[in-house]
Amino acid sequence: MEMTSRILAMTAAGILTLGGCVEEGGKEGPEMRFEIAYPGVSRVTETSFEEGDCVGVFVKEEKKPLEVSGNTVNNEAVAFEGNEWTPRRTLYWEEGTYDVVGYYPYQERVESVEDLRFAVRLDQSAEGTDGGPGGYEASDFLWAVRENVRAEDGAVELRFAHRMSKLVVRLVPTEDYEGEIPRDAVVRVHGTVTEATVDLEAGVVTKYPYGGQEIITARKAGDGLYEAIVVPQRLDYNRPLVEVIADGVSYMYETRFVFRSGVEHTLTVYMSSNPEQTKIEIGGEIEGWN
């Protein structure tokens, strides 16, 4: 009987030793919780996250560099379940101060936190299928950071920001344009590199230096209104940038342009029945669009 008691005691001790996130006295540390907000709103469609959306989260000790692995939390998938954000597995705090980095859309495999590869979609007019995002939504890279976090601070609030650039194209008919702008008009963005690298620790997006120029089909956001997500970059020379196809006629517009990270740019096209008389106007910029 005495030998049996000793065996049971040793087994119980072994279980406590293998428990992982267990503090002295057999109690688990505080559980990590997250409150995640879409840019410009307090709670990823155009204005909010939807159920099933997933962000990636890294947690590192303060003053330590962010790494692919070896952080306190490495690329944890945190999903929106309608009312709350839930990590794929339960996470616990330890003593100390931490920095938390989040990004969207989630990538299952991250090979570099300094040069994370990302590309905007070429057909951003494509709608989502089987619960997945459409071409426009899948192109919108979001990033957030929260520094100096401790367990006693409670839920970590991550307020995301756009890191790509957005181009809004407005089609406005002039007096000599016959009829109205066709509802099935197509807008394309030419001459930009659609691949990028992202420094996850700094939230900096850089045009991929070996990427080729592609054509992006913008999504229709309303009558005469089109939108496209573009990798931040500078177009130093006049070149074809925007093409409008209406009633079988192609209107091409050349300009220089600087696509800035996190900025919405507006380009107004004043359409004429004579393509050679059509003009464009570059409008103001909006940082942190909704």
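Trainee: Which residue takes a positive phi in the hairpin of β17 and β18?

Mentor: Asp247 does, with phi near 55 degrees. Two residues sit between the strands of that hairpin. Keep in mind that this is a predicted model.

Trainee: How many bridges join β17 and β18, and in what sense do they pair?

Mentor: Start with the general idea. Strands of a sheet pair through backbone hydrogen bonds, in either a parallel or an antiparallel way. Now this case. β17 covers residues 233–246, and β18 covers residues 249–259. Ten bridges link them, in the antiparallel sense. For one example, find Pro240; its bridge partner in β18 is Glu254.

Trainee: Which strand pairs with β17 over four bridges?

Mentor: That is β11, residues 186–193, again antiparallel. Val189 has Val242 of β17 as its bridge partner. Also look at Arg188, which stands opposite Glu243 in β17.

Trainee: In what order do the strands of the open sheet run?

Mentor: Read them across: β14-β11-β17-β18. There are four strands, and the pairing is antiparallel.

Trainee: Which strands stand at the edges?

Mentor: β14 (213–217) and β18 do. Each has a single partner strand, so one side of each has no neighbour in the sheet. From one strand to the next, the twist averages 25 degrees.

Trainee: Is Tyr237 buried or exposed?

Mentor: Compare its relative accessibility with the cut-off: exposed means over 50%. Tyr237 is at 58%, so it counts as exposed. This residue lies in β17.

Trainee: What is Tyr237 in contact with, leaving aside its neighbours within four places in sequence?

Mentor: Thr255 and Arg256. Tyr237 and Arg256 are 19 residues apart in sequence, yet their C-alpha atoms are 5.4 Å apart.

Trainee: Which residues have the most contacts inside the largest nonpolar core?

Mentor: They are Phe141, Met164, Leu167, Leu171, Leu200, Val242 and Met271. The core has 47 residues. β17 gives the most to this core, with five residues. Another core lies apart from it, with 24 residues, including Val59, Val78, Trp85 and Ala151.

Trainee: What is Leu171 in contact with, beyond its neighbours within four places in sequence?

Mentor: Trace the contacts on the model. Leu171 touches Ile181, Ala185, Val187, Gly224, Tyr226, Val244, Val269 and Met271. Met271 is also among the residues with the most contacts inside the largest core.

Technical notes:
Residues are numbered from 1 along each chain as its sequence is written. This is a predicted model: local features need pLDDT of at least 70, side-chain atom pairs count only at pLDDT 80 or more; totals for chains, interfaces and linings use all residues. Side-chain values use heavy atoms; hydrogens and water are left out. A nonpolar core is a set of buried Ala, Val, Leu, Ile, Met, Phe, Trp, Tyr and Cys residues joined through side-chain atoms within 4.5 Å. Buried means under 20% relative accessible area, exposed over 50%, partly exposed in between (1.4 Å probe, protein chains only). Contact means heavy atoms within 4.5 Å. Two strands pair if DSSP finds at least two bridges between them. Axes are lines fitted to C-alpha atoms, for helices over the stretch in contact, and angles run from 0 to 180 degrees between N-to-C directions.
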